[in-house]
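Subject: Structure handover

Hi,

Here is the structure for your pocket work. My notes follow below it.

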Amino acid sequence: MAETTYFPRRLILAGAMISGVLLALAVHMLGARYGLDLGGLWRSDTREFMPAGAAIAWWLIASVGFCSGYFTANLMHSAVSGRIPQRMRQFLIAVGVLILAGAGQAASAPSPIPTISGVLSGLAALCLGAAMAFCGAHFALRRA
């Protein structure tokens, strides 16, 4: 009987973090196109304490980063042993390509966010996505 092999934990963690950061940035770009921008936190022209769009964007980016890190780590952990059906792999690849293509289209259009605010919100989305993807991958690997 063949022995089950697994990816090294650091490789799984790195792959899950990269996937989480890419999907969190894609969600940030798509959300900014629909008015859910993190830049609302740094604007001084609003009279509200915190715009609802900024709060929704924070939670959306954090949840996508965490979930994608968690699911990517689980999938990479079980992929070597061949426990993922071929159709499931193809479906996940198609979903990832469509999300990243939509983010690329959103990023190619002129930005509705001012430049400094857009740079700060992009860096914040990058850091938030990386931290949450790491947490999701770490929890998935501790469970496995």
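Read along the sequence, the protein chain runs α-α-α-α. That makes 4 helices and 0 strands (DSSP runs numbered from the N terminus: H or I of at least four residues for helices, E of at least two for strands). This is a predicted model: local features need pLDDT of at least 70, side-chain atom pairs count only at pLDDT 80 or more, and totals for chains, interfaces and linings use all residues. Residues are numbered from 1 along each chain as its sequence is written, and side-chain values use heavy atoms, with hydrogens and water left out.

Chain totals next. Of the 144 residues, 33% are buried (under 20% relative accessible area, 1.4 Å probe, protein chains only). The accessible surface is about 9100 Å² (Shrake-Rupley, 1.4 Å probe). Carbon and sulfur atoms hold 69% of that surface. Take the contacts (heavy atoms within 4.5 Å) between residues at least 6 apart in sequence: 84% join residues at least 24 apart.

α1 (9-33), α2 (52-79) and α3 (86-108) each supply at least two. By type, the lining divides into 17 nonpolar, 7 polar and 1 charged (Asp, Glu, Lys and Arg count as charged; Ala, Val, Leu, Ile, Met, Phe, Trp, Tyr, Cys and Pro as nonpolar; the others as polar).

Best wishes

Technical notes: Buried < 20%, exposed > 50% of the residue type's maximum accessible area, 1.4 Å probe, protein only.
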